[in-house]
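User: I'm new to this one and would like to learn how to read it feature by feature. Can you walk me through it?

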Amino acid sequence: MLYYLFEYLDKTMDVPGTGVFQYITFRSALALMLSLLLSTIYGKRIINFLRKQQVGETVRELGLAGQNEKAGTPTMGGLIIIFATLVPVLLFARLHNIYIVLLIVTTLWMGTIGFVDDYIKIFKKDKQGLKGIFKVIGQVGLGIIVGAVLYFNPAVTVRTDTGRTDVFRNVTNATVVLPAPVEEKSTATTIPFVKNNEFDYAELLAWTGEGYEKWAWLIFIPVVIFIITAVSNGANLTDGIDGLAAGTSAVSVLALGIFTFVSGNIIFSNYLNIMYIPNSGEMTVFISAFVGALIGFLWYNSYPASVFMGDTGSLTIGGIIAVLAIAVRKELLIPLLCGIFLVENFSVVLQVSYFKYTKKRFGEGRRIFLMSPLHHHYQKKGYHESKIVTRFWIVAIMLAILSIVTLKLR
């Protein structure tokens with residue numbers, strides 16, 4: 001909203017200094033500072049409100065150290081993250097940008113699913129919360145929306161000829177007119193660590209014959225659905241001890257912010273020889289607000305936590321990360337960038353599969369880990385949760401750095 005006000009003041013009223021709002025970097029800095037202030041200052045009020053409403057966590061007896069002390073701690077703290085993200089975005093972002101619209105829809109959509117889940121757990125006294133089938137339906141629904149918009153909306157384009165930026169160029173004192181750069185619809189994505197690393201999902205249908213490109217949505221949309229479902233569930237499983245999900249997510253989102261900024265900037269994309277995605281740079285404003293909200297939330301969620309994010313927060317975080325990665329064509333980097341989510345998810349899958357297999361074969365279920373997800377395994381081994389969280393953060397930082405290095409490491 002403020003963006004449009006200052007744009008009017010700059011272009012219509014010619015007020016000095018108001019043109020600074022045209023710069024993404026300036027608006028991103030404002031969004032980051034405001035989200036930090038909102039999450040730290042108003043976060044306390046939200047926590048007090050949740051406590052007054054008796055929105056306390058019901059702790060299952062898992063035999064973990066310090067577990068019973070967490071009983072009654074307010075949950076649904078994801079409301080802090082959502083509030084502190086959306087307010088700066090509404091103020092400083094270009095709200096007609098299709099990527100910003102998608103991210104706002106994702107935040108509200110996944111936040112609603114998580115809120116309903118938490119509400120059923122707390123007020124309906126049902127520890128299972130929202131039935132899994134309804135969660136999946138919600139995630140699939142969002143995947144269809146995101147996939148369809150990214151595929152069919154004419155504002156979503158890419159450009160690979162980033163070196164050709166000028167229509168007119170002087171060559172040996174002669175003026176040469178070059179064809180205008182082409183922005184085209186594409187389902188191309190980036191393969192990390194590979195030279196000439198663009199891959200088009202449409203090529204998977206090349207065997208069907210001429211005109212196969214128009215059917216690329218049959219591959220692209222299911223891929224989007226799978227990624228959103230997997231990453232949101234991964235974030236949900238990672239939210240098990242104080243500060244783990246918020247901290248590791250902030251690191252991943254910050255790395256995505258770098259990808260978004262360079263991919264949306266013709267100069268940097270040209271220098272790095274990567275795909276240029278017009279209008280995607282605006283997502284940097286959203287990312288800045290989101291990172292600020294996550295860091296501000298850590299003020300209250302670090303050990304010992306004053307509030308838990310609940311599914312309201314974890315599902316929202318996972319959904320946003322997935323959509324950001326897909327929009328900036330870096331979804332194939334998710335296993336590396338979000339390696340913590342992957343390992344947490346994998347530990348549960350391995351544990352359950354191995355238990356069922358051994359029970360069927362030997363008549364007694366056996367376990368690979370002392371407990372899953374993986375962070376509970378280390379708790380069972382006697383590690384303090386602060387040590388576990390700190391080490392997971394360090395791993396997340398290393399994975400994020402390696403992900404960023406893929407910009408040039410091919």
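User: Let's start with charges. How many salt bridges does the structure hold?

Analyst: Side chains of opposite charge can pair when their charged atoms come close. This is a predicted model, and it holds six salt bridges. K11 counts as exposed because its relative accessible area is 59%.

User: Which residue forms a salt bridge with R27?

Analyst: That's E282, and the closest N and O atoms are 2.5 Å apart. This pair links distant parts of the chain: R27 is in helix 2 (residues 24–52), while E282 is in the loop between helix 8 (266–272) and helix 9 (283–301), 255 residues apart. Both R27 and E282 are buried.

User: What about K135 and D311, how far apart are their closest N and O atoms?

Analyst: Those atoms are 3.2 Å apart, and the two residues form a salt bridge. Here too, distant parts of the chain are linked: K135 lies in helix 5 (residues 132–152) and D311 in helix 10 (residues 310–327), 176 residues apart. K135 has 16% relative accessibility, so it counts as buried. D311 counts as buried as well, at 6%. There's also a network: salt bridges with shared partners join D117, K121, K135 and D311.

User: Now the rings. How do I read an aromatic pair, and how many are there?

Analyst: A pair of aromatic rings is described by the distance of the centres and the angle of the planes. The count here comes to 15 aromatic pairs. Take F6 and F21: their ring centres are 4.1 Å apart and their planes are at 5°, so this pair is stacked. F6 sits in helix 1 and F21 in the loop between helix 1 and helix 2, 15 residues apart, and the pair links distant parts of the chain. F6 is partly exposed because its relative accessible area is 22%. F21, at 5%, is buried.

User: Is the pair of F21 and F92 stacked or tilted?

Analyst: Tilted, with 6.2 Å centre to centre and 45° between the planes. F92 is in helix 3 (residues 78–92) and F21 is in the loop between helix 1 and helix 2, so the pair ties together parts that are 71 residues apart in sequence. Both F21 and F92 are buried. Elsewhere, Y151, F152, F199, Y201 and F220 make up one aromatic cluster.

User: Where does M76 lie, and what is its phi?

Analyst: M76 lies in the loop between helix 2 and helix 3, and its phi is near 65°, a positive value in a residue that isn't glycine. M76 counts as buried because its relative accessibility is 2%. N273, in the loop between helix 8 and helix 9, also has a positive phi, about 55°, without being a glycine.

User: Last one, the surface. Which residues make the nonpolar patch?

Analyst: F193, V194, I397, I401, L402, V405 and L409 make a nonpolar surface patch of about 550 Å². V194 comes from the loop between strand 3 (188–190) and strand 4 (198–200). With a relative accessible area of 33%, V194 is partly exposed.

Technical notes
Residues are numbered from 1 along each chain as its sequence is written. This is a predicted model: local features need pLDDT of at least 70, side-chain atom pairs count only at pLDDT 80 or more; totals for chains, interfaces and linings use all residues. Side-chain values use heavy atoms; hydrogens and water are left out. Patches are made of residues with over 30% relative accessible area and no salt bridge: like charges are joined within 9 Å, nonpolar side chains (Val, Leu, Ile, Met, Phe, Trp, Tyr) within 5 Å. Accessible areas come from the Shrake-Rupley method with a 1.4 Å probe; for residues, only the protein chains shown count as cover. A salt bridge is a side-chain nitrogen of Lys or Arg within 4 Å of a carboxyl oxygen of Asp or Glu. Helices (H or I, at least four residues) and strands (E, at least two) are DSSP runs, numbered from the N terminus. Buried means under 20% relative accessible area, exposed over 50%, partly exposed in between (1.4 Å probe, protein chains only). Rings of Phe, Tyr and Trp (its six-membered ring) pair if their centres lie within 6.5 Å; planes under 30 degrees apart count as stacked, over 60 as edge-to-face and the rest as tilted.
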